[in-house]
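Thank you all for coming; today I would like to walk you slowly through one protein chain, with a few residues as our stopping points. Please keep the sequence and the 3D view open while I talk.

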Amino acid sequence: MSRDGSMTEMVRKHLDEFLGAARAALGGDLLAAVLYGSAAEGRIRPASDVNLILVLKRFDRTLADGLREACSLAHAAVRLEIMFLLEAEVPAAMEAFPVKFADVLVRRQVIFGRDPFEGRCIPPALLARHARQVLLNLRLRLRASYALAGAREEQLAAVVAGVAGPLRSGAAALCCLEGRPAASPRESLRRLASGLPGGPWDEALAGISEARERESLPPGAGPRLVFRLMELAEALQARAEEFLARENLR
């Protein structure tokens, strides 16, 4: 069995155990459980979180206390990250975090209950503005991280690994806006990068994957890679600006 297949099997086992505990603890207050991201696709990597949304009628101290042990065990076993979302909050959450929920709309698997996202969409202007914000924030964070840890190669590897999420989700949002969604955020970034100015970007993309999979980088590669990723984030941000201007959405 492939490495991804073995990990997916382990994740499924722990998810089933957690979901059983959640149903017992939450009872009728649990309306849906939605797996999203790489776990929903069966593409689990060692550095991947397992992302799950629990949609609830209510969330109070008694319910949370009853689920704490199961949450801790699943987080330790497979890095399960849970969003506890009230049913009434779904529209507001999608408006507040459109890039995240754009990914949910594309890559999700309902493992319990009814799909709370069926038929929902995110307005293009909202998605483009938030993608721009995510990418600008990433550039600011990279500057601060380099100023703090630029001389420590092992820390720069962690910084580079952490870039994957916002870069890929921003690229996925842009692909959706341009009417050509890709199979995954990783593929979205690869596709957009091939046409962005300042390239080629192959080395930068390979560096992200290496940092995530090996948790290290070749000696001396970190500083240059961090600055290339700042440039890549800037190029993607400019792409969002172009979409807003073209659609007269500024």
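This is a predicted model: local features need pLDDT of at least 70, side-chain atom pairs count only at pLDDT 80 or more; totals for chains, interfaces and linings use all residues.

Let us begin with F101, which is buried because its relative accessible area is 0%, and the cut-off for buried is under 20%.

F101 has a partner, F117, and the two form a tilted aromatic pair, with 5.8 Å from centre to centre and 45° between the planes. This pair links distant parts of the chain, since F101 sits in helix α5, residues 98-106, while F117 sits in the loop between β4 (108-113) and α6 (124-149), 16 residues apart. Is F117 buried or exposed? With a relative accessible area of 1%, F117 is buried.

Now let us turn to another pair, Y146 and F227, whose ring centres are 4.9 Å apart and whose planes stand at 80°, so this pair is edge-to-face. Because Y146 belongs to helix α6 and F227 to helix α10, residues 222-246, the pair ties together parts that are 81 residues apart in sequence. Y146 counts as partly exposed, at 26% relative accessibility, and F227 also counts as partly exposed, at 41%. In total, the structure holds three aromatic pairs, and I have described the F101 and F117 pair and the Y146 and F227 pair.

My last stop is R43, which lies in the loop between α2 (38-41) and β2 (50-56) and, at 43% relative accessibility, counts as partly exposed. The C-alpha atoms of R43 and G113 are separated by 23 Å, and these residues are 70 residues apart along the chain.

Definitions and conventions. Residues are numbered from 1 along each chain as its sequence is written. Side-chain values use heavy atoms; hydrogens and water are left out. Helices (H or I, at least four residues) and strands (E, at least two) are DSSP runs, numbered from the N terminus. Buried means under 20% relative accessible area, exposed over 50%, partly exposed in between (1.4 Å probe, protein chains only). Rings of Phe, Tyr and Trp (its six-membered ring) pair if their centres lie within 6.5 Å; planes under 30 degrees apart count as stacked, over 60 as edge-to-face and the rest as tilted.
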